[in-house]
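Hi there,

Here is the structure I promised to pass on to you. Have a look at it first, and then read my notes below.

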Amino acid sequence: MTIHHLRRDYRFGSLVRDQLPKDPLALFRTWFDELRSMDLPEWFEPNAMSLATAKSDGSVACRIVLLKEYNQEGFTFFTNYQSAKGDQITHQNRVALGFFWPILERQIRVEGVATKVDPSLSEQYFRSRPRSSQLSANVSPQSQIIPDESTLDKLVEDLDGKLQGAPVPCPEHWGGYRVCPDLIEFWQGRPSRLHDRFRYLRHEDHWQLDRLGP
Ligand SMILES: Cc1cc2nc3c(=O)[nH]c(=O)nc-3n(C[C@H](O)[C@H](O)[C@H](O)COP(=O)(O)O)c2cc1C
């Protein structure tokens with residue numbers, strides 16, 4: 001069955017250069033706050049983003065992770081440092097992030113350098129997670145081949161039993177990466193595919209702003 005006919009015309013809004021802030025983080029915050037203020041369906045995760053990484057053989061990988069913090073220093077997500085993405089970031093710390101917010105007909109693209117956050121921050125976030133997630137983070141060999149589902153259940157059960165109710169330690173192999181951006185692009189869908197695209201490029205003391213062809 002062909003899906004050639006699947007196509008939407010975008011009419012929600014437009015971007016006016018003179019109204020864009022000098023700082024792309026300010027625009028990210030405005031857009032993210034606008035998204036969160038909308039009547040979103042319960043299943044929609046506004047902080048979900050794609051994360052693209054490079055492999056050592058030059059091929060690339062992409063997956064979804066959750067944005068857990070953003071500020072002037074960058075965009076933070078948490079993961080297993082020994083996962084495939086962790087290995088890839090160790091080899092090549094330049095990564096890309098992608099957000100798609102269909103309700104606002106918007107896309108945001110970020111490129112930058114990922115570095116591990118301070119362990120105290122990882123610990124702080126780890127403490128805020130449910131105990132079951134803390135146990136999973138300890139035992140799950142993320143991205144490794146495992147024989148079956150019960151293997152993980154058994155590992156969780158064993159650790160929980162061993163801890164006898166004591167706090168679950170934040171494992172060294174688990175924590176945050178912060179992506180410090182040097183490029184942020186904002187895309188607003190427009191009618192007839194004449195979308196608005198504005199790209200911010202970081203310079204030492206300012207962000208260069210350019211309109212790009214859609
Ligand atoms: C909605 C959603 C949110 C996710 N959030 C995270 C996350 O915050 N951290 C994480 O490590 N994996 C998250 N995952 C799982 C990843 O997409 C991926 O399967 C996992 O991190 C292993 O990726 P890797 O083998 O490339 O390292 C999420 C998946 C989905 C669909």
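Through how many residues does a hairpin join E8 to E9? The hairpin uses four residues. Before going on: this is a predicted model, where local features need pLDDT of at least 70, side-chain atom pairs count only at pLDDT 80 or more, and totals for chains, interfaces and linings use all residues. Residues are numbered from 1 along each chain as its sequence is written, and side-chain values use heavy atoms, with hydrogens and water left out.

Strands (E, at least two residues) and helices (H or I, at least four) are DSSP runs numbered from the N terminus. Two strands pair if DSSP finds at least two bridges between them.

E8 (residues 196–202) and E9 (residues 207–211) run antiparallel, joined by five bridges. Across from leucine 201 you will find glutamine 208 in E9.

Another hairpin is formed by E5 and E6, again with four residues between them. In its turn, glutamate 105 has a positive phi of about 55 degrees. Eight bridges pair E5 (residues 94–101) with E6 (residues 106–116) in the antiparallel sense, and glycine 98 faces arginine 109 of E6. E6 is also joined to E7 (residues 174–188), antiparallel, by 11 bridges; there, lysine 116 has tyrosine 177 in E7 as its bridge partner.

Lastly, take a look at helix H5 (residues 149–163), which holds aspartate 153. Aspartate 153 is partly exposed, at 46% relative accessible area (buried is under 20%, exposed over 50%, partly exposed in between; 1.4 Å probe, protein chains only).

Enjoy exploring!
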